[in-house]
Amino acid sequence: MASILDYETVALIDEDDAIEIIDQTLLPGTTKMIRLHTGQEIWDAIYLLQVRGAPAIGVTAGFGLYLLMKHSNAGTYDEFMNELQEKSDYLNSSRPTAVNLSWALNRMKQHVVEFCNGQFDKEKVIVEMRAESERIKAEDIDVCRRIGENGLTLIKDGYGILTHCNAGQLATCKYGTATAPMYLAHEKGMNIKVYCDETRPLLQGARLTAYELHSAGIDTTLLCDNMSASLMKSGAINAIFVGCDRVAANGDAANKIGTSVVATVAKRYNIPFYVCAPTSTIDISTPTGEDINIEQRKPEEVTEMWYKERMAPEGIKVYNPAFDVTDNELITGIVTEYGVLHAPYDVAIKDLFERKSAVTAD
């Protein structure tokens with residue numbers, strides 16, 4: 001019987017000019033693959049969380065921009081670039097907080113500029129855009145594996161690990177970010193117990209993380225968000241691993257709403273709190289967490305979703321941010337594909353990007 005881990009989170013289907021994804025809004029009850037063909041379908045899939053998780057959104061954006069330009073009628077370089085910018089802006093408007101979305105779109109555009117280098121052959125450009133989008137996916141898999149290896153150094157046999165939301169394989173193309181150390185620990189036969197916050201109001205922890213970890217055979221326990229302090233106080237948790245949608249230059253990290261609560265309580269009980277972040281998620285152009293644009297979502301997600309009948313009074317005002325920002329002082333370490341960063345994060349992040357540039361230059 002197929003496990004959810006046997007499916008590709010995001011795949012390019014050339015013969016159908018489509019992106020194929022798992023519709024994550026239907027999990028865990030139904031595993032349904034859907035294909036996205038149009039700009040509207042791609043935009044909706046990102047906004048409606050049919051595809052979600054910063055890395056997976058970035059891969060989808062890369063494939064999407066390629067597909068939307070594949071049959072462009074542009075006759076000149078300027079016309080092509082204008083159309084490319086227009087379609088990029090449209091896709092980028094679907095979700096403002098996850099930096100991988102804009103990162104992937106900008107990477108695709110910049111690659112076109114560098115590839116053309118004054119010469120414009122539309123057919124060759126389209127072929128190269130496809131190749132670049134596939135490279136983004138391949139790099140995501142490699143990066144997640146490396147994050148897992150670095151995070152594994154922070155885990156000991158017998159550890160209890162808490163995670164929040166879904167930073168698993170369903171949020172990436174393989175391994176996940178926060179779950180990558182867990183998968184590698186499980187592969188090595190280590191005895192770990194993972195605890196998943198359900199993550200209200202969209203329940204990604206219950207529907208997705210608990211589902212995929214349980215499918216992989218990992219000892220997994222689900223808890224309501226407001227139970228994490230009790231669990232931490234009990235001594236069951238040795239470390240916390242979460243993903244993120246954007247890390248500011250000073251190390252502040254935006255992740256699914258409720259993450260900062262977990263980090264604050266972890267500080268109280270002296271439990272190490274790790275943010276797992278590909279360098280593509282670190283936005284050095286954003287100085288601090290206060291500069292991160294936090295997406296506000298529909299009130300119905302709180303008042304009506306998941307309930308047979310509306311559970312809140314009509315007309316009630318609703319506060320429903322998709323993310324919150326965890327202050328860098330609450331973060332024990334940021335686990336990247338290049339190693340684990342420690343405070344002061346502004347210095348560590350600057351050094352990381354200098355090392356990354358040196359590696360790229362070589």
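Before I turn to the fold, a word on terms: contact here means heavy atoms within 4.5 Å, while axes are lines fitted to C-alpha atoms, for helices over the stretch in contact, with angles running from 0 to 180 degrees between N-to-C directions. Helices (H or I, at least four residues) and strands (E, at least two) are DSSP runs numbered from the N terminus.

What you see is a predicted model, in which local features need pLDDT of at least 70 and side-chain atom pairs count only at pLDDT 80 or more, whereas totals for chains, interfaces and linings use all residues. Residues are numbered from 1 along each chain as its sequence is written, and side-chain values use heavy atoms, with hydrogens and water left out.

Three strands form an open sheet in the order 1-2-3, with antiparallel pairing, where two strands pair if DSSP finds at least two bridges between them. Strand 1 (10-13) and strand 3 (33-36) stand at the edges with a single partner strand each, so one side of each is left without a neighbour in the sheet. From one strand to the next the twist averages 30 degrees.

Strand 1 and strand 2 are joined antiparallel over four bridges, and Ile 13 stands opposite Ala 18 in strand 2. These two strands form a hairpin with four residues between them, and Asp 17 in the turn has a positive phi of about 50 degrees. Strand 2 (residues 18-22) is in turn joined to strand 3 by four bridges, again antiparallel, with Ile 21 opposite Ile 34.

In a regular strand the side chains alternate between the two faces of the sheet. In strand 1, Val 10 and Leu 12 point one way and Ala 11 and Ile 13 the other, and all are buried, that is, under 20% relative accessible area, against over 50% for exposed and in between for partly exposed (1.4 Å probe, protein chains only). Across strand 2 and strand 3 lies helix 1 (residues 39-47), which runs at about 135 degrees to strand 3.

Now to the interior, where a nonpolar core is a set of buried Ala, Val, Leu, Ile, Met, Phe, Trp, Tyr and Cys residues joined through side-chain atoms within 4.5 Å. The largest has 36 residues, of which Val 10, Ile 19, Ile 21, Phe 80, Val 112 and Met 129 touch the most other members. Helix 2 gives the most to this core, with ten residues. Apart from it lies another core of 29 residues, including Leu 231 and Leu 341.
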